[in-house]
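Please consult the sequence and the model while reading.

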Amino acid sequence: QWNAAFDAGYAAALGKSIITLHPPSISHMLKEVNANASAVCEDTEQVVDTLAYVIRGELPTPRDGDEFIPIADRLGAGNPNP
């Protein structure tokens, strides 16, 4: 945890973008590192998708496949609890 924070701080000081890769179970321990990251990934496929988007502008295929429903359609328009 300390090494990750040090490396992330050093990269940030150099103006480098950060992509973190770790399981969700340790997200809380790395919350400061994640807050400064450009992307937070839980598996290597997400890292590859992120780099493909940044480098080539390619959006990943939705993980839901053909069953993908946009969040706005799933939740409906507007805030249900104003």
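Q: With which residue does Glu58 form a salt bridge?
A: The model is a predicted one. A salt bridge requires a side-chain nitrogen of Lys or Arg within 4 Å of a carboxyl oxygen of Asp or Glu. For Glu58, the closest N and O atoms of the pair are 3.0 Å apart, and the partner is Arg56.

Q: Is Arg56 buried or exposed?
A: Residues over 50% relative accessible area count as exposed. Arg56 has a relative accessibility of 55%, so Arg56 is classed as exposed.

Q: How is Glu58 classed, given its 39% relative accessibility?
A: Buried means under 20% and exposed means over 50%, with partly exposed in between. Because its value is 39%, Glu58 is partly exposed.

Q: Which residue meets the side chain of Arg63 in a salt bridge?
A: Arg63 lies in the loop between α3 (44-56) and α4 (71-75), and its partner lies 20 residues apart in the loop between β2 (39-41) and α3. The N to O distance is 3.0 Å, and the partner is Asp43.

Q: What is the relative accessible area of Asp43?
A: Arg63, the other member of this pair, is exposed at 52%. Asp43 is partly exposed, and its relative accessible area is 26%.

Q: How many salt bridges does the count come to?
A: One joins Glu58 and Arg56, and another joins Arg63 and Asp43. The count comes to two.

Q: Is Asn34 buried or exposed?
A: Asn34 lies in helix α2 (residues 31-36). Leaving aside neighbours within four places in sequence, Asn34 is in contact with Thr20, His22, Ser27 and Val40. Its relative accessible area is 14%, so Asn34 is buried.

How values were computed: Residues numbered from 1 in each chain as written. Predicted model: local features only at pLDDT ≥ 70, side-chain atom pairs only at ≥ 80, totals over all residues. Heavy atoms only, no water. Helix = DSSP H or I, 4+ residues; strand = E, 2+ residues; numbered from the N terminus. Buried < 20%, exposed > 50% of the residue type's maximum accessible area, 1.4 Å probe, protein only. Contact = heavy atoms within 4.5 Å.
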